[in-house]
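Please read the following report alongside the sequence and the coordinates. The text treats confidence, then the sheet, then the helices and a few single residues.

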Amino acid sequence: MLALGIDPGTTDTGYGLVESRGSNLFIQSYGTIKASKKFDMSRRLQAIYLEVEKIINTHKPDAVIIEKGFYSKNVQSTIKLAQVNGVIMLASVNAGVPVFEYTPLEVKLAVVGYGAAKKEQVQHMVYHILKLKEPVDTDHAADALAVAICHINSKIKYQR
């Protein structure tokens with residue numbers, strides 16, 4: 001299984017592709033999609049959509065997994081994040097790839113084993129689980145890889 005994990009953001013959207021072969025996990029690619037703050041929201045959404053579409057078309061993942069955002073008291077931020085999730089889902093569905101969502105709590109439990117884990121702990125476990133030579137360079141990409149790991153682990157768990 002090749003899982004594309006995505007950590008949505010209005011200016012920085014992390015992505016990470018993780019492949020499972022048996023009980024081993026391998027990193028295929030990761031990075032951050034940058035959408036300039038200079039653009040209005042519609043242009044940022046377009047940029048995110050086009051990059052996600054390109055990643056899907058290039059790597060052909062079996063699933064796209066999105067980290068569900070937390071909902072803050074700032075309604076505008078919540079709406080913008082929901083719009084980003086929408087364009088990611090649209091790009092995925094248009095490519096015929098199923099979409100799954102996990103909460104930050106579910107991701108932390110799956111990757112660290114502790115639901116209140118800090119970002120640094122998640123990044124550390126991503127580094128070890130994927131046997132990387134160096135830590136992932138952005139929080140967003142590390143979170144995206146963690147989301148992909150969470151999905152793969154949940155699929156393996158339920159196939160037993």
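Predicted model: local features only at pLDDT ≥ 70, side-chain atom pairs only at ≥ 80, totals over all residues.

Residues are numbered from 1 along each chain as its sequence is written, and side-chain values use heavy atoms, with hydrogens and water left out.

**Confidence.** The pLDDT, which is the predictor's confidence in each residue on a scale from 0 to 100, averages 92 over the protein chain, and 94% of the residues score at least 70. Within the protein chain, strand E1 (residues 2–7) has the highest confidence, at 98, and H5 the lowest, at a mean of 85. Helices (H or I, at least four residues) and strands (E, at least two) are DSSP runs, numbered from the N terminus.

**The sheet.** Five strands make up an open sheet of mixed pairing, in the order E3-E2-E1-E4-E5, where two strands pair if DSSP finds at least two bridges between them. Its edges are strand E3 (24–34) and strand E5 (99–102), each of which pairs on one side only, and from one strand to the next the twist averages 20°. Strand E2 (residues 12–21) runs antiparallel to E3, and 10 bridges join the two; among the residues involved, Gly14 has Thr32 in E3 as its bridge partner. Helix H3 (residues 104–111) lies across strand E4 (63–67) and E5, and runs at about 85° to E5; axes here are lines fitted to C-alpha atoms, for helices over the stretch in contact, and angles run from 0 to 180 degrees between N-to-C directions.

**A helix pair.** Two packed helices are described by the angle between their axes and the distance between the axes. For helix H1 (residues 41–59) and helix H2 (residues 75–94), the angle is about 35° and the axes are 9 Å apart. The crossing of H1 past H2 is right-handed, a term used if the near helix is turned clockwise from the far one by less than a right angle, and left-handed if anticlockwise. The contact (heavy atoms within 4.5 Å) involves residues including Leu45, Ile48 and Val52 of H1 and Val84, Val87 and Ile88 of H2. By class, the residues of this contact divide into 11 nonpolar, three polar and two charged, where Ala, Val, Leu, Ile, Met, Phe, Trp, Tyr, Cys and Pro count as nonpolar, Asp, Glu, Lys and Arg as charged, and the others, Gly among them, as polar.

**Single residues.** The table lists relative accessible areas, for which buried means under 20%, exposed over 50% and partly exposed in between, computed with a 1.4 Å probe on protein chains only.

| Residue | Relative accessible area | Class |
|---|---|---|
| His151 | 0% | buried |
| Gln121 | 35% | partly exposed |
| Lys60 | 57% | exposed |
| Lys131 | 67% | exposed |

His151 sits in helix H5 (residues 139–159) and, leaving aside its neighbours within four places in sequence, is in contact with Met1, Ala63, Ile65, Phe100 and Tyr102. Gln121, which belongs to helix H4, is 120 residues from Met1 in sequence and 25 Å from Met1 in space, C-alpha to C-alpha. Lys60, in the loop between H1 and E4, has a phi near 55°, a positive value in a residue other than glycine. Lys131, in the loop between helix H4 (119–129) and H5, has a positive phi of about 50° although it is not a glycine.
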